[in-house]
Amino acid sequence: MSNNSFYYPQKMGRVMLLGLEEVIGKSGLASILTLGGLTELSPNLSPQKTDKSFSFETICQIQKSLEQQYGPRGGRGLALRAGRACFKYGLKEYGSLMGITELAFRLLPLQTKLHVGAKSFANLFNKHTDQKVRIEESEDKIYWHIEQCPLCWERTTNEPICHLAVGLLQEAVYWLSGGKVFTIEETACIARGDSACTIEISKTPLS
Ligand SMILES: [Zn+2]
């Protein structure tokens, strides 16, 4: 099996590049892509192209280059911020498809919105990408298990590194709840030898 057998559609890869560009700027993005040997990529990619062409290897290489360029701590902070920015661009592309921009959805009680929103967000990945997400819920938490994860694809580390996904979910629940902040952290990561990358989302807002 080739390393390139799992993909995001180009449209979603573009969302990731736009989010990164917003945080590190055009020249920052250009140096990351050069560092990763990915100069053929650009946020100007056609958003119409929905074929699966953005490989997991590419997505992981972008995260690695971000760490190389800014250091592990700097890279982590930027990946979190880029993830939050990605949500905004993703919402533009996929919001109506997920049904979460409809008024009827927005008027649901918070806990129902978190439950329905998590499911429909997971479905988006499961249907349109090779990233597999499984949702598990307890009384006070939502567990977002990524079972095939592009962010840490074929990496080995000592700690969880899928920061972009954490940022994405931070912004998703912030938006869903109309501006509330929730504790969200990655507690397991495939790169660390866990069976899935697990992001725990508290169901109770901090503020
Ligand atoms: Zn991961």
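Predicted model: local features only at pLDDT ≥ 70, side-chain atom pairs only at ≥ 80, totals over all residues.
View 1. H2 spans 56–98. Helix H5 (163–176) and strand E5 (184–188) each supply at least two residues as well. The pocket has a volume of about 340 Å³. By class, the lining divides into seven charged, six nonpolar and three polar residues.

**View 2. The largest nonpolar core.** This core holds 67 residues. Ile62, Phe121 and Trp144 have the most contacts inside it. At least two residues each come from helix H1 (10–35), H2, helix H4 (110–128), strand E4 (141–148), H5 and strand E6 (197–202). H2 again leads here, giving the most to the core with 16 residues. In soluble globular proteins, nonpolar side chains tend to be buried together.

**View 3. Strand E6 and its two partners.** Six of the six residues of E6 are buried, so the strand is largely enclosed by the rest of the structure. Cys197, Ile199 and Ile201 point one way; Thr198, Glu200 and Ser202 point the other way. E4 and E6 run antiparallel, joined by six bridges. Lys141 stands opposite Ser202 of E6. E5 also pairs with E6 in the antiparallel sense, over four bridges. There, Glu185 stands opposite Glu200 of E6.

Note on methods:
Residues numbered from 1 in each chain as written. Heavy atoms only, no water. 1 Å grid on protein atoms, 1.4 Å probe; cavity = no way out; pocket = protein on both sides within 12 Å on 5 of 7 lines; lining within 4 Å. Points joined across faces, edges and corners; volume = space filled by probe spheres on them. Nonpolar A, V, L, I, M, F, W, Y, C, P; charged D, E, K, R; others polar. Core = buried A, V, L, I, M, F, W, Y, C linked by side-chain atoms within 4.5 Å. Buried < 20%, exposed > 50% of the residue type's maximum accessible area, 1.4 Å probe, protein only. Pairing = 2+ DSSP bridges.
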